[in-house]
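Subject: Structure for you to look at

Hi,

Here is the structure I promised. Please open it first, then read my notes below.

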Amino acid sequence: MLAGNAALCISEPQENTRPQMQASLFDQGDHPDQCVEHVLQDAKLLEYPRAFNAVQSDALFNTLLTEIPWQQEYLRIAGKLRAVPRLQCWMGDKASLYGYSGVRLTPCPWNKTVSDIHARIGELTGKKFNSVLINYYRNGQDSVAWHADDEAELGKAAVIASVSLGAERKFQLKHKHTNPPHKYQLQLRNGSLLLMGETLQQNWLHQLPKMQGLDQARINLTFRNIVSIQQD
Ligand SMILES: O=C(O)CCC(=O)C(=O)O
Ligand SMILES: [Mn+2]
């Protein structure tokens, strides 16, 4: 069962967070600040379909592919080490240690390209983040299983901004507390930004399923705010 639908709203750019240099770099194309609301039970989910235009998105994808120090993480499942089905990099402020499912991630320092993407997201949403998990899906065999980003480090009402570059993939959501669970699905397109609001992680799970036959790659950046920063 599908729960929810998309309604159109045009957002105003956040003038106070718009640096001049970023404006000239990113303000191109039709309605680059357009915002769509996906109406979901118990959660806010906004999409900026053209946060980056095609030329910008392709350039960002190619730059990140070579610049990011991609890591292969492993999970211990039933006593066996299994490779996480994607490559990753945790980037952010020095003290923003983060982990999930037993994997501990130490941040690498902000890189210029990622900082530019961060600035564009601030311009669109008015929000700031102190870290980002970057995922590299090499092809349709790479994926993320059902989960919620509800780790204690993210606080009780985590807002997460998720940028998609490269191959288009399906994003699925499943309500945690309805039976049978309400489900929702959308396409994550090249250059789009998805803003997962305060109550989404508490009430919904999400996944990026495998996609048979896809041989193109995708990079995803989920900007997060670590609230329980560890002191040196
Ligand atoms: O790749 C995506 O769009 C989602 C990634 C994700 O959910 C995560 O890294 O927590
Ligand atoms: Mn997630």
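Helices (H or I, at least four residues) and strands (E, at least two) are DSSP runs, numbered from the N terminus. This is a predicted model: local features need pLDDT of at least 70, side-chain atom pairs count only at pLDDT 80 or more, and totals for chains, interfaces and linings use all residues. Residues are numbered from 1 along each chain as its sequence is written, while chains are lettered from A and ligands numbered from 1 in the order in which they are written.

Loops

Start with P180, in the loop between β12 (169–175) and β13. The peptide bond that joins N179 to P180 is cis, and its omega is near -5°. Most peptide bonds are trans, and most residues other than glycine have a negative phi.

D42 has a positive phi, near 60°. Look for D42 in the loop between β2 (34–40) and β3 (43–48). Here is the burial scale: a residue is buried if 20 or more other C-beta atoms lie within 10 Å of its own, exposed if 12 or fewer, and partly exposed in between, with C-beta atoms placed from the backbone. D42 has 15 other C-beta atoms within 10 Å, so D42 is partly exposed.

A78 also has a positive phi, near 50°. A78 sits in the turn of a hairpin made by β4 and β5, with 2 residues between the strands. A78 has 5 C-beta neighbours inside 10 Å, so A78 counts as exposed. Strands pair if DSSP finds at least two bridges between them. β4 (residues 74–77) and β5 (residues 80–83) are antiparallel, with 4 bridges. One bridge joins Y74 to A83 in β5.

The open sheet

Next, find the open sheet of 4 strands. Its order is β10-β15-β12-β13, and the pairing is antiparallel. β10 (144–147) and β13 (183–188) are the edge strands, so called because each pairs on one side only. On average, neighbouring strands here are turned by 15° against each other, direction ignored. (Axes are lines fitted to C-alpha atoms, for helices over the stretch in contact, and angles run from 0 to 180 degrees between N-to-C directions.) β10 pairs with β15 (residues 204–208) over 2 bridges, in the antiparallel sense. The bridge partner of H147 in β15 is H206.

Ligand 1

H206 also belongs to the shell around ligand 1, as do L133, D149 and N220, among others. A residue is near a molecule if its C-beta atom, placed from the backbone, lies within 6 Å of it. β9 (131–137), β15 and β16 (218–224) each supply at least two shell residues. The shell has 5 nonpolar, 5 polar and 1 charged residues. Ala, Val, Leu, Ile, Met, Phe, Trp, Tyr, Cys and Pro count as nonpolar, Asp, Glu, Lys and Arg as charged, and the others, Gly among them, as polar.

Helix α2

Which residues of α2 are buried? They are Q56, S57, L60 and L64. Seen down the axis of α2, these fall within an arc of 95° (the arc of the directions from the helix axis to the C-beta atoms), so they line one face of the helix. An α-helix has 3.6 residues a turn, so residues three or four places apart point the same way. The face of α2 turned away from its buried side carries the exposed residues A54, V55 and T66.

Best wishes
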